[in-house]
Amino acid sequence: MIKVNIVCVGKIKEEFYRSAVAEYSKRLSRFCKLEITEIAEGRNLEEEGAAIARRAQGYVIALCVEGQKLSSEGLASRIKCLCDAGRTITFVIGSSEGLSPSVKNAAKLKLSFSDMTFPHQLMRVILCEQIYRAFMINGGGEYHK
């Protein structure tokens, strides 16, 4: 079973966000081994970047506003190729200050979900939903329609 990591800076404080992430984690357990690692906010982006680098493995996808925009089908296609190759996938979500340049430069893909800014707690929910949607698309499920 493919391993998907989400490495994120900060903890989710709101129960409704935690519940949504837990629901998508449960749904994703049919398709992958999902691991979510929370990194403590550092004194600066470089400190956070070093902590992220220690945990990011495999094909690293950094979520950042200047990244490439993909449709849900495009993300599904990328995930399918990585799964077919047996690659571990790590998505990285920064703090409200963003991601360090070292993390962005080390990433194989910089991915943007929008030109808008989202709270990093909400972004975790959105990312989990999109990963689930990608697996449903790849499996021919009806969820994505």
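This is a predicted model: local features need pLDDT of at least 70, side-chain atom pairs count only at pLDDT 80 or more; totals for chains, interfaces and linings use all residues.
1. Strand 3 has the largest share, with four residues. The volume of this largest pocket comes to about 420 Å³.

2. **What lines the pocket.** There are 22 lining residues, and Leu63, Cys64, Val65, Thr117 and Phe118 lie nearest the centre. Sorted by class, eleven are nonpolar, eight are polar and three are charged.

3. **Arg124, worth a look.** This arginine sits in helix 5. Arg124 counts as buried because its relative accessibility is 3%, under the 20% cut-off. Its side chain makes a polar contact of 2.7 Å with the side chain of Glu38. Beyond its sequence neighbours up to four places away, Arg124 also touches residues including Cys8, Gly10, Lys11 and Ile93.

4. **The main nonpolar core.** The largest nonpolar core holds 32 residues, and Val4, Ile6, Ile61, Phe91, Ile131 and Phe135 have the most contacts inside it. Among the elements giving two or more residues to this core are strand 1 (2–9), helix 1 (15–28), helix 3 (72–84) and strand 4 (89–93). Helix 5 provides the largest share, ten residues.

5. **Ile6 up close.** Setting aside neighbours within four places in sequence, Ile6 is in contact with residues including Leu34, Ile36, Phe91, Leu127 and Ile131.

6. **Another core.** A second, separate core has eleven residues, among them Ile52, Leu99, Val103 and Ala107.

How values were computed: Residues are numbered from 1 along each chain as its sequence is written. Side-chain values use heavy atoms; hydrogens and water are left out. On a 1 Å grid over the protein atoms alone, a cavity is a set of points where a 1.4 Å probe fits but cannot get out, and a pocket is an open set with protein on both sides within 12 Å along at least five of seven lines; lining residues have an atom within 4 Å of a point. Grid points are joined across faces, edges and corners, and a volume is the space filled by probe spheres set on the points. Ala, Val, Leu, Ile, Met, Phe, Trp, Tyr, Cys and Pro count as nonpolar, Asp, Glu, Lys and Arg as charged, and the others, Gly among them, as polar. Buried means under 20% relative accessible area, exposed over 50%, partly exposed in between (1.4 Å probe, protein chains only). A polar contact is a pair of N or O atoms within 3.5 Å; within protein, one must be able to donate a hydrogen and the other to accept it, and residues adjacent in sequence count only if both atoms are side-chain atoms. Contact means heavy atoms within 4.5 Å. A nonpolar core is a set of buried Ala, Val, Leu, Ile, Met, Phe, Trp, Tyr and Cys residues joined through side-chain atoms within 4.5 Å.
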